[in-house]
Amino acid sequence: EARPFHHVEMNGMISVAHRGASNFAPENTQSAFRKALELGADFLECDVHLSKDGELIIMHDDKVDRTTNGSGYVKNFTLAELKELDAGGKFHSSFAGEKIITLNELLEEFYGETGLLIEIKKPSMYPGIEERVVALLGEYNDLNSIIVQSFDIESMRKMNTLLPELEVALLIKPSIQSLSSQKIIDLTSFATYINFNVSYVNKREINQIHNQGGKVLVWSTKNQGWVDKAYQYDVDGIITDFSIWPVEGPIQL
Ligand code: G3P
Ligand code: CA
């Protein structure tokens, strides 16, 4: 069911569809991204790895095992081999036959339709992945609707150097207790967004990031109780499996 999206209801926050509308469709697939668009998400979040033949592959894990019928590391498959896998059946039989897609395919379908929040996963596993992302994004003139993010701070520093007009976001690991003032000044010098798990951020950090001209997205993905905290904290957006918020109770397939 499509739901109208209202920024007013969201208190001005943007909605980011975590791995697409991953509550409703297999994560990081075309079905999940199309569903998120239908639900009115402002951004589609996706995760990127590199295949054996250097293609940018949309998948969360570094192995294909959890979400497909295959087994092994993404980096040991060519794109053609990855395309033979079923990325939908494990989520629900109605999605059997769903294909893994590339970042290029995601951009071809969704660029200009909605924002894209592209997470580079484990960049240290894939030397040169930043250059490949930059080469692909370089084909698009207007990068205003694209953000690239990572838990790897140095990788995002590099992205900012390679393509200064691109906004980058840093994901802060829940294991980090809190960011010092000095750290926030450093990170906001090149990153537009500092993104946290909502349970591991405090108001002092958010205020300081805002004072430095930065923005904050929080994620929780499935827990419906967290949104109150996001409102109270006056964050700039939420990253959720439901694509929009609020939703009306638990949703079944
Ligand atoms: O965008 C935030 C979130 O995606 C980070 O965690 O593990 O879902 O990639 P993960
Ligand atoms: Ca992610």
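Strand β8 (residues 215–221) pairs with β9 in the parallel sense, over four bridges. Strands here are DSSP runs of E of at least two residues, and helices are runs of H or I of at least four, numbered from the N terminus. Two strands pair if DSSP finds at least two bridges between them. Threonine 221 has threonine 240 in β9 as its bridge partner. β1 also runs parallel to β9, and four bridges join them. Here valine 16 stands opposite isoleucine 239.

This is a predicted model: local features need pLDDT of at least 70, side-chain atom pairs count only at pLDDT 80 or more, and totals for chains, interfaces and linings use all residues. Residues are numbered from 1 along each chain as its sequence is written, while chains are lettered from A and ligands numbered from 1 in the order in which they are written.

Strand β9 covers residues 237–240. Gly237 and Ile239 point one way, Ile238 and Thr240 the other, and all are buried. Buried means 20 or more other C-beta atoms within 10 Å of the residue's own, with C-beta atoms placed from the backbone.

## The nonpolar core

The largest nonpolar core has 71 residues. Such a core is a set of buried Ala, Val, Leu, Ile, Met, Phe, Trp, Tyr and Cys residues joined through C-beta atoms within 7 Å. Ile238 is among the members that touch the most others, and so is Leu44. Leaving aside neighbours within four places in sequence, leucine 44 is in contact (C-beta atoms, placed from the backbone, within 7 Å) with residues including Phe33, Ala36 and Phe110.

## Helix α1

Helix α1 (residues 30–39) is mostly covered, with seven of its ten residues buried. Phe33 and Ala36 are among those seven. The cover over the buried residues includes β1 (14–17), β2 (43–50) and α3 (103–110). Just after α1, glycine 40 takes a positive phi of about 100°.

## Around ligand 1

Ile239 is one of the residues around ligand 1.

## Isoleucine 120

Isoleucine 120 lies in strand β4 (residues 115–120). Isoleucine 120 counts as buried because 25 other C-beta atoms lie within 10 Å. Beyond neighbours within four places in sequence, its contacts are Val48, Ile129, Val133, Val148, Ser150 and Ser155. Lysine 229 is 109 residues from isoleucine 120 in sequence and 27 Å away in space, C-alpha to C-alpha.

Terms used: A residue is buried if 20 or more other C-beta atoms lie within 10 Å of its own, exposed if 12 or fewer, and partly exposed in between; C-beta atoms are placed from the backbone. Two residues are in contact if their C-beta atoms, placed from the backbone, lie within 7 Å. A residue is near a molecule or strand if its C-beta atom, placed from the backbone, lies within 6 Å of it.
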